[in-house]
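Hi,

Here is the structure I promised to pass on.

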Amino acid sequence: MTGRQAGLAASRRSTALPVSPIRRLMPLAEEAKARGRRVIHLNIGQPDLDPPPSVMQAAVDATGERLAYAPSRGLPSAVAAWVTYYRHHSIEVEAGDIVITGGASEALSLAMLATCDPGDEVLVPEPFYAPYQGIAGVAGLRLVPVPLGPGFTHPNPEAVRERITPATRALLICSPSNPTGTVYRREDLIALGQVARDAGLFLLSDETYREIVFDGPPAPSALSIPGLDEHVVVIDSVSKRFNACGLRIGTIVSRNPAVMAAVADLAELRLAVPVIDQLAVARALAAPEPYIGTVVATYRERVAAVVAALAEIPGVTCHRPGGGFYVVARLPVDDSERFAAWLLREFALDGDTVMVTPMSDFYLTPGRGRDEIRIACVHDPATLIRAARVIGAALAAYPGRTG
Ligand SMILES: Cc1ncc(COP(=O)(O)O)c(C=O)c1O
């Protein structure tokens, strides 16, 4: 038999995955480009910055290696590099507390699979990194939203407690947060850790953006809170701190031996993480450079430029994030996804248009995020200011404007 069989459906698991608005909007961006427009992409967290030179050099050096499978927990030298990295952040972990993963994405998946069973509930402050929903769904878990506090501050611990049911197994936080830039202070982690301890929950902490904090030291890690060794599972990545998303290196870290044994068993199923990628980041992890300071300064300047430019647009509000590299803006529009599509289809300012991320996907509560967009600060300040001007001019012309 040749050709495709009609009617043989893909799994319900996969068809139930939320379709991101970005996937729906991408063809419109391509069409706009085909019509000769410049599309300024504000929609994707793909940094435009170069990785540290030591990463590039180590990647080149690593090409001389034998390309055998790495141990499924990670190359010993790369695991040791993560141990050293955490020590520089005053966090003591051992090699056995670490499994190297294919980015934070795989770490998230392994963390959920190792701590929760199908039907379990995971509490998550919203808005949250949209893929959490699909990753949890594939594992058979249900995300239960908890609102962030006013001004995108950490969630009220009482609001977390109120949502705990017999099915609740974990609380999943992200600090600094994508999309809101919320940086959880030490006392916030202590309070949420207390909730986790009282209720016997895991505290899954996505610390992908740890160092990207604008007013102070890196965000405190959940691993640094005493008394939570059984509960804390950290999800980490080099994607953003080294601007090396393409290397696909992350890690999962916990001092809970049962969880790490489960993670190791799960990791064995996929055999290994790429050797060259592990070797490429090991040196930079073990010997932190001034590099990250430059990255933080770059994003601080960009975020300030975007926030100031958006503040000049009538009807637009946004708050300055404490870290990460995203800005969430509230717009006077009927539906931010419709506005985003209209921008690509209908609008240009001197040939330029922009692609933004509508925020409804970052919420589970119906209706929330419909007047919000996320802007990724992955361009130089001049381009970001230009993009904000395009948004301002578009809002003045948009037929679905409210207020
Ligand atoms: C909060 C958060 N967690 C995890 C990831 C996944 O990162 P990685 O490239 O390490 O898979 C991202 C990527 O944007 C993210 O923003």
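Below is what I found, going from the whole chain down to single residues.

Two things before you start. This is a predicted model, so to speak of local features I needed pLDDT of at least 70, and side-chain atom pairs count only at pLDDT 80 or more, while totals for chains, interfaces and linings use all residues. Residues are numbered from 1 along each chain as its sequence is written.

**Domains**

The protein chain is assigned domain 1 (18–49 + 291–397) and domain 2 (53–286); such bounds come from an automatic or database domain assignment. Their C-alpha centres are 27 Å apart. Where they meet, 28 residues of domain 1 are in contact with 29 residues of domain 2 (in contact: C-beta atoms, placed from the backbone, within 7 Å). On the domain 1 side, α11 (291–311) and β10 (326–330) each bring at least two residues, and α11 gives the most, with 6. Helices (H or I, at least four residues) and strands (E, at least two) are DSSP runs, numbered from the N terminus. Sorted by class, that side of domain 1 has 16 nonpolar, 9 polar and 3 charged residues. For the classes, Ala, Val, Leu, Ile, Met, Phe, Trp, Tyr, Cys and Pro count as nonpolar, Asp, Glu, Lys and Arg as charged, and the others, Gly among them, as polar.

**The ligand**

Which residues come nearest to the ligand? Of the 13 around it, they are G103, A104, S105, S237 and S239 (near: C-beta atom, placed from the backbone, within 6 Å). α5 gives the most to this shell, with 3 residues. The shell has 4 nonpolar, 8 polar and 1 charged residues.

**Helix α6**

In α6 (residues 131–138), the buried residues are Y132, Q133, I135 and A136. Buried means that 20 or more other C-beta atoms lie within 10 Å of a residue's own, exposed means 12 or fewer, and partly exposed is in between; C-beta atoms are placed from the backbone. Their cover includes α5 (103–115), β3 (121–126), β4 (142–147) and β5 (168–174). Just after α6, G140 has a positive phi of about 80°.

**S224**

You'll find S224 in the loop between β6 (202–206) and β7 (232–237). S224 counts as partly exposed because it has 15 C-beta neighbours inside 10 Å. Leaving aside neighbours within four places in sequence, S224 is in contact with S90 and I91. From R24, S224 is 200 residues away in sequence and 41 Å away in space, C-alpha to C-alpha.

Cheers

Conventions:
Two residues are in contact if their C-beta atoms, placed from the backbone, lie within 7 Å.
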